[in-house]
Amino acid sequence: MANSLQTSKSPKAPQSLTSESAASTTLPAIAESLFTAAGKTNETLGKTDEDKKSVLDWLDRIGKGEFDSDEGKKTLESLLLPKTYLVGQTPTSADLALFASLYPYFHLPSTTHTTQLTHPSITRHFDHIQSLPQFSPILARSETFGKKLVVDVANVPVPVVKIEQKAKKPKEGAAAAEGQAEGGDGKKKEKEKKKEQEGAPAVPAEGEKPAAPKEKKEKKGPAPAVEGAAAPAEGGKKKDKKAAAAAGGEGGGKKAAAAPPVVEAPAPWMIDLRVGKIVDVELHPDADAMYVEKIDVGEAEPRTVVSGLVKYVPIEQMRGKTLIAVCNLKPANLRGIKSHAMVLCATSADGKDGGVEFVDPPAGSLPGERIFFEGFEDKVAIDLLNPKKKIFETVQPGFTTLGSKEAAWVNKEDGKVHKIVSARGVCTAPNFIGASLS
């Protein structure tokens, strides 16, 4: 198995992927057969030489069973945590080989919902691969991989960020005073405390006259009426201070710790979509396949945006184009020019070879107008998406165009459709049905 996994060319597995053929076929061959059935043979091992090297390394590790054990799955979980795909930004043979190797594990009778939660990143990757539009119809017809894993998303607990409260260190002066009190003056303090608790003046020694109580100057309150009551009054004053301090600690003193924030699962409403208009466009000086655009999104200055659309959209059609821009992605350097947004395009269900076109906002739209998802009208997009949380990458697989060519996000868990709209109407793709939006 290991030797066969180290070669870039493997014998093709039958497209039917029957149980008998799959059992006697290498993982790369299974992956290659899925790509062949999907018409994506040129993307099997990635797009660059570096990608191909990484894919072959993953195939070798998967083929050797490195991730079959419990410890191996812990390692795989940490590796998948920041990734959508194992290599690059598109699925490769490595992703399909991992899917094939994990398929028996996820369909064991002992694999429960709790098991899925134990390895959330592995479960997410497996579910993402089985749900990709280019592979899901083929897997559904397969005798080996036809049973789809169902993830009970409704019962996935929302992660909570715990904030640890650090204990405050006492000040040096207070600690020294406390130590001194516990030292030489400890006995005196103990006698005074006992005297206060008894609420009576000290008893004089035999033969001595009781000492007359000292007069105390008090700013407020009446003079004591009973002889010898001055000492208890002072003790009562100290007790009042202690009681007040205790009450302050329980109620109005220290502020209660704020409740920890609840982290919400990635959702489409978190993405900031706006109407944009290209006010200037030119070819990228260092990349033949890219345009550099100035796009008005309703801000004081147009944003600089780099788009790889030269092969798909003529520059004449770019000039003055009204489109939809994704405005809260982290700025990225693309061949030396920082891009501050992304244009939303529809890619044919047949892949980029079938064409790429802009998703159009409703007629009459103006730069800066908000684009949102039906059902999430009251939600406000995040200012800036954290790349580590993979919010866009998580929800993007649900972006598509319906039979009416209307743009939408389809929740793959319950099948509910949320159209992409503005106050003026629904956004559309001019020509594509079942397109992928990105």
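Guide: Ser93 is buried, with a relative accessible area of 2%. Buried means under 20% relative accessible area, exposed means over 50%, and partly exposed is in between, using a 1.4 Å probe and protein chains only. Keep in mind that this is a predicted model, in which local features need pLDDT of at least 70 and side-chain atom pairs count only at pLDDT 80 or more, while totals for chains, interfaces and linings use all residues. Residues are numbered from 1 along each chain as its sequence is written, and side-chain values use heavy atoms, with hydrogens and water left out.

Ser93 sits in helix H6, which spans residues 93–106. Helices (H or I, at least four residues) and strands (E, at least two) are DSSP runs, numbered from the N terminus. Gly46 is 47 residues away from Ser93 along the chain, yet their C-alpha atoms are separated by 8.1 Å.

Stay with H6 and look at its partners. Start with H4, residues 49–63. The axes of H4 and H6 come within 9 Å and cross at roughly 15°. Axes are lines fitted to C-alpha atoms, for helices over the stretch in contact, and angles run from 0 to 180 degrees between N-to-C directions. H4 and H6 are therefore roughly parallel. Angles under 35 degrees count as roughly parallel, over 145 as roughly antiparallel, 65 to 115 as roughly perpendicular, and the rest as oblique. The crossing of H4 and H6 is left-handed. That label applies if the near helix is turned anticlockwise from the far one by less than a right angle; clockwise gives right-handed.

Which residues of H4 and H6 make the contact? H4 brings Val55, Trp58, Leu59 and Ile62, and H6 brings Ser93, Ala94, Ala97, Leu98 and Ser101. Contact means heavy atoms within 4.5 Å. By class, the contact of H4 with H6 has seven nonpolar, two polar and no charged residues. Nonpolar covers Ala, Val, Leu, Ile, Met, Phe, Trp, Tyr, Cys and Pro; charged covers Asp, Glu, Lys and Arg; the others, Gly among them, are polar.

Next comes H5, residues 70–80. H5 and H6 pack at an angle of about 130°, with their axes 14 Å apart. That makes H5 and H6 oblique to each other. Their crossing, too, is left-handed. On the H5 side, Lys73, Leu76 and Leu80 make the contact, and on the H6 side, Leu98, Leu102 and Tyr105 do. Five of these residues are nonpolar, none is polar and one is charged.

Now turn to H8, residues 120–131. H6 and H8 pack at about 110°, and their axes are 10 Å apart. H6 is therefore roughly perpendicular to H8. H6 passes H8 in a left-handed crossing. From H6, the contact takes Asp95, Leu96, Leu98, Phe99, Leu102, Tyr103 and Phe106. From H8, it takes Ile122, Thr123, His125, Phe126, Ile129 and Gln130. The contact of H6 with H8 divides into nine nonpolar, three polar and one charged residues.

A nonpolar core is a set of buried Ala, Val, Leu, Ile, Met, Phe, Trp, Tyr and Cys residues joined through side-chain atoms within 4.5 Å. The largest one has 30 residues, of which Trp58, Leu76 and Leu86 touch the most other members. H4, H5, H6 and H8 each supply at least two residues of this core. Its largest share, ten residues, comes from H6. What does Leu86 contact, leaving aside its neighbours within four places in sequence? Its contacts are Trp58, Ile62, Leu80, Ala94, Asp95, Leu98 and His125. A second, separate core has 27 residues, including Leu273, Val275, Leu385 and Phe392.

Step back to the whole chain. The protein has 14 helices and 15 strands. Of its 438 residues, 36% are buried. Among contacts with a separation of 6 or more, 65% join residues 24 or more positions apart.
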